[in-house]
Amino acid sequence: MPFRRSTFIRPVIALAMVTGSTFYAIAQQSPTPTRVRGTVESVDGDTLAVKSRSGEDVKLRMASNMMVLGLTKIPLSDIKVGSFIGTTTVPGPDGVPKAVEVHVFPENMRGTGEGSRAWDLKPNSSMTNATVADSVIGNDGHTLLVKYKGGEKKVEVPPDTPVVTYVPGDKAELKAGAKVIAFTKKLPDGSLETDRISVGRDGLTPPM
């Protein structure tokens, strides 16, 4: 009996199409969030209900060792040479990273997350945690040279950039209406747990 190549090829093509469709569907699934930004809706025991900024209802399990930090506004002038800061930046029109927020770490948090990495606040944004090595004040804000292990970066900070600092927080601040950013991980049962959450003081929305 002669071998019919077309009979063999058709199932292979069909299998390839199904496999490709499956991989495409997996690729289109939303990734598990590692940061949840939004407004607290309610607290029930160790479960925090948050309405995310994109409108989703998210349930977060609060870890027993969860750290709560407050965020409060400070002036741009509080950023000094030697300050250890974190800043979310986006590429500026001239190629120099432009800050969309700056958070100044207290001394006991120096070194937290030092380095530069991709961030999810805005398209093409990055987060850099580093020490301010130089600061130049101009009419258009500050230009900071920040240094971290393995690199350095020049950052433009416009005058209207939100600048905040961390202060000790309390779980009691996690009540309806509070604006938060929670750092999460996915548990084996599929739920999300947070062991670190920052809450804005006086109605502040965490800018990072």
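**Burial and ring contacts in a predicted model**

Modeller: Of the 208 residues in the protein chain, 39% count as buried. Please keep in mind that this is a predicted model.

Biologist: How many aromatic pairs does a search of the whole structure find?

Modeller: The search finds two aromatic pairs. Phe84 and Phe105 form a tilted pair, 5.4 Å centre to centre with 45° between the planes.

Biologist: Where do Phe84 and Phe105 lie?

Modeller: Phe84 is in strand β4 and Phe105 is in the loop between β5 and β6, so the pair ties together parts that are 21 residues apart in sequence.

Biologist: Is Phe84 buried or exposed?

Modeller: Phe84 is buried, at 2% relative accessibility. Phe105 is also buried, at 7%.

Biologist: And which aromatic pair do Phe105 and Tyr166 form, stacked or tilted?

Modeller: That pair is stacked, at 5.4 Å centre to centre and 25° between the planes. Tyr166 belongs to strand β10, 61 residues from Phe105, and Tyr166 is buried, with a relative accessible area of 8%.

Biologist: Changing topic, which ring does the charged end of Arg196 sit over?

Modeller: The charged end of Arg196 sits over the ring of Phe183, 3.9 Å from its centre. Elsewhere, Arg35 lies over the face of Trp119, 3.8 Å from the ring centre.

Terms used
Residues numbered from 1 in each chain as written. Predicted model: local features only at pLDDT ≥ 70, side-chain atom pairs only at ≥ 80, totals over all residues. Heavy atoms only, no water. Buried < 20%, exposed > 50% of the residue type's maximum accessible area, 1.4 Å probe, protein only. Phe/Tyr/Trp six-rings, centres within 6.5 Å; stacked < 30°, edge-to-face > 60°. Helix = DSSP H or I, 4+ residues; strand = E, 2+ residues; numbered from the N terminus. Lys NZ or Arg CZ within 6 Å of the ring centre and 35° of its normal.
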